[in-house]
Amino acid sequence: MENEKITDYIDQLYEKKAFVKKESFTSYMQLKKYIPTVNDQEACFLRLLIRLIKPRKILEIGTSVGFSTASMALAAKEYGGRITTIEFDDKAADQAERNFIKTGVSDYINILKGDAVKILHDLNDTYDLIFQDVDKRLYPVLLDDCIRLLNKNGVLLSDDVLFPVIELDEIWNNQIEPISEYNKKIISHSQLESVLLPIGDGIMMSVKK
Ligand SMILES: C[S@@+](CC[C@H](N)C(=O)[O-])C[C@H]1O[C@@H](n2cnc3c(N)ncnc32)[C@H](O)[C@@H]1O
């Protein structure tokens, strides 16, 4: 309840800010029901962080309809940063591509369609920032690849890390245990310095030492 009050207050403060809103990406289709995206507060945080650290190469795992991707791209396009994003749901990926054109960021985004487990394993490029937002059961599975693909001092952002303590629809119950496991692993990982930020459903921010 306290959390809801805090979220509502911040939303009201941000309401008049001119930026691309989640509603414009998700309101028109039933995708909204089963493909969640970051909320507007998280999108604001992503844009601010990108403005601050100016990562040249960004990797996102889990595109959905492209709201977080486009939000990050709006900041990255100002200094020529580029985003590679991975999605295996063709319908979501096609909608994301249309949304990138609509938002004027398609020139800065490369969408890889397929299974993130295989794609990550085969990737050899390195990145300055990785945004992990795929199926939560894959977070522990993909952690080693994320660290391998991250440059020294690169930033790993992992979304939804407060799943173990927030009220969730029961369809997400199978994602709670993997997130618990992931949080413990990442906080004590010898190659990462991490802090859990209570923004949206929780963002773990880690820097590769
Ligand atoms: C939480 S949504 C991403 C939301 C998006 N980052 C945003 O905030 O706008 C997670 C996405 O990961 C995709 N996904 C799940 N498992 C995947 C896999 N193994 N490979 C690629 N994409 C996957 C789902 O289809 C879904 O669209």
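**Helices and the sheet**

Reply: Happy to! Keep in mind that this is a predicted model. Let's start with helix 5, which lies across strand 1, strand 2, strand 3 and strand 4 (127–132) and runs at about 170° to strand 1.

Me: Which strands does helix 8 touch?

Reply: Helix 8 packs on the sheet too, touching strand 1, strand 4, strand 5 (150–159), strand 6 and strand 7 (203–208). The direction of helix 8 makes about 155° with that of strand 5.

Me: Okay, the sheet then. In what order do the strands come?

Reply: There are seven strands, in the order 3-2-1-4-5-7-6. They form an open sheet, and the pairing is mixed.

Me: Which strands stand at the edges?

Reply: Those are strand 3 and strand 6 (192–197). Each has a single partner strand, so one side of each is left without a neighbour in the sheet.

Me: And how much are neighbouring strands turned against each other?

Reply: By 15° on average, with direction ignored.

Me: Let's zoom in. Do strand 1 and strand 2 pair in the parallel or the antiparallel sense?

Reply: Parallel: strand 1 (residues 57–61) pairs with strand 2 over five bridges. For a spot to look at, find Glu-60, which stands opposite Thr-85 in strand 2.

Me: How many bridges join strand 2 to strand 3?

Reply: Five, and strand 2 (residues 82–87) and strand 3 (residues 109–113) run parallel. The chain gets from strand 2 to strand 3 through helix 6 (residues 90–103). This β-α-β crossover is right-handed. Across the pair, Thr-84 stands opposite Asn-110 in strand 3.

Me: Now the other end. Do strand 5 and strand 7 run parallel or antiparallel?

Reply: Antiparallel, joined by five bridges. Leu-156 has Ser-206 in strand 7 as its bridge partner.

Me: What about strand 6 and strand 7, how many bridges there?

Reply: Six, again in the antiparallel sense. Val-195 is paired with Met-205 in strand 7. Strand 6 and strand 7 form a hairpin, with five residues between them. In its turn sits Gly-200, with a positive phi of about 60°.

Me: Back to helices. How do you describe two that pack together?

Reply: You give the angle between their axes and the distance between the axes.

Me: So at what angle do helix 4 and helix 5 pack?

Reply: Helix 4 (residues 40–53) and helix 5 (residues 67–76) pack at about 30°, with their axes 8 Å apart. Angles under 35 degrees count as roughly parallel, and therefore these two helices are roughly parallel to each other. Helix 4 passes helix 5 in a right-handed crossing.

Me: Which residues make the contact?

Reply: From helix 4 they include Leu-46, Arg-47 and Ile-50, and from helix 5 they include Phe-67, Met-72 and Leu-74. By class, this contact has eight nonpolar, two polar and three charged residues.

Me: How far apart are the axes of helix 8 and helix 9?

Reply: They are 9 Å apart, and helix 8 (residues 139–149) and helix 9 (residues 176–187) pack at an angle of about 30°. On the helix 8 side the contact is made by Tyr-139, Pro-140 and Leu-143. Helix 9 brings several residues, among them Ile-179, Tyr-182 and Ile-186. This contact has seven nonpolar, no polar and two charged residues.

Me: Great, thanks!

Technical notes
Residues are numbered from 1 along each chain as its sequence is written. This is a predicted model: local features need pLDDT of at least 70, side-chain atom pairs count only at pLDDT 80 or more; totals for chains, interfaces and linings use all residues. Side-chain values use heavy atoms; hydrogens and water are left out. Axes are lines fitted to C-alpha atoms, for helices over the stretch in contact, and angles run from 0 to 180 degrees between N-to-C directions. Helices (H or I, at least four residues) and strands (E, at least two) are DSSP runs, numbered from the N terminus. Contact means heavy atoms within 4.5 Å. Ala, Val, Leu, Ile, Met, Phe, Trp, Tyr, Cys and Pro count as nonpolar, Asp, Glu, Lys and Arg as charged, and the others, Gly among them, as polar. Angles under 35 degrees count as roughly parallel, over 145 as roughly antiparallel, 65 to 115 as roughly perpendicular and the rest as oblique. A crossing is left-handed if the near helix is turned anticlockwise from the far one by less than a right angle, and right-handed if clockwise. Two strands pair if DSSP finds at least two bridges between them. A crossover is right-handed if, with the strands pointing away from the viewer, the path from the first strand over the helix to the second runs clockwise.
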